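Work through the following exercises with the structure open beside you, and try each task before you read its solution.

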Amino acid sequence: MSSKSWNVLVTGGAGYIGSHTVLELLQADFQVVVIDNLSNAHKDSNSEKPECLLRVEKLINKDITFVNCDIVNINDLRSVFQKHTFHCVIHFAALKAVGESCQKPLEYYKTNVTGTINLLEVMLEYNVKRFIYSSSATVYGVPEKLPLMENMRTGDCTNPYGKTKFMVEEILNDLCISNKEFSVISLRYFNPVGAHPSGQIGEDPNGIPNNLMPYIAQVSVGKRDILYVYGNDYDTPDGTGVRDYIHIMDLAIGHVKAMIYQKNNNPSGFKPINLGTGKGYSVLEVISAFEKASGKKIPYKIVERRLGDISASYADASVAKKELGWVAMKNMDDMCADTWRWQQSNPNGYKH
């Protein structure tokens, strides 16, 4: 079966990771249907589609089938499956801010857990049994040791967001045990950053960014006055938190590779796979790299630690290399240069 006859449903496809993955899927000739409730996307009144997908269409010169749909509404999901035949589902749709999850846990459990159960129930109704899940390194909780490997303990999560990702992994594993035809690849990724090299699509968070790189970029472009660094007393070389940052295009390619693996091997069962570079960078190292890429000084202020943060996290990505033939190709300089290109070209994100 060629890519052209392989139909993929992408939930949350108007989000940051989703939109970049949709572009890579279309480039690889897969047939794509995107659903999104547009809670975190900018839409022009002249189109039903969000701005990011209109830009993907221009970049790739292909039309995208888009449906405004919320995974919390199971009947909306059923109507999508009634109209389209799918071979695989890539599931991004979720709430994703660690800090907000501590303030609004019920919203996170409703969308991330109940919404996913709705999706899985409809998939079973329509006999769709291949699933690629957008998981997270947060499932590991406080690391026992580094680098993090897929066979390490999960579930000791430090915030409701991480707990929802862990709970869904447990649900997926149980589903695979009960249904031997079901195939799940759970991609546990680390910290996605960067933008498409064209500068046309990138990360456009609502309100104050929760993640480091878009916050730095907004300070660089003058949208925000100062960067707040949460804690400098961690057990790390310079006292600031260390994370494994992965370029969004490497991450998008990882999803395509996972789907090709499912398509070619027809595996069954639950398979977790880390997507990361295997290298950790501290907050201060990222600031320094961004200053080099942008030629601008980043003013910052050290403030107290955030609830739910850990000191360091980085991946062992050898399973991705062995199983999927995937290796992260882009480095921190690429991540900063592409983020800066996107932010300079789009100081207000997708809003004109």
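A residue is called buried under 20% relative accessible area, exposed over 50%, and partly exposed in between, with a 1.4 Å probe and protein chains only. The model is predicted, so that local features need pLDDT of at least 70 and side-chain atom pairs count only at pLDDT 80 or more, while totals for chains, interfaces and linings use all residues. Residues are numbered from 1 along each chain as its sequence is written, and side-chain values use heavy atoms, with hydrogens and water left out.

**Exercise 1.** Classify the ring pair of phenylalanine 131 and tyrosine 133, and state whether the two residues are buried or exposed.

Solution. Begin with the rule: rings of Phe, Tyr and Trp (its six-membered ring) pair if their centres lie within 6.5 Å, and planes under 30 degrees apart count as stacked, over 60 as edge-to-face and the rest as tilted. This rule gives five aromatic pairs. In the pair of phenylalanine 131 and tyrosine 133, the centres are 6.4 Å apart and the planes stand at 15 degrees, so the pair is stacked. Both phenylalanine 131 and tyrosine 133 are buried.

**Exercise 2.** Is lysine 322 buried or exposed?

Solution. The relative accessibility of lysine 322 is 68%, and therefore this residue counts as exposed. From C-alpha to C-alpha, lysine 322 lies 28 Å from cysteine 336 in space, although the two are 14 residues apart in sequence.
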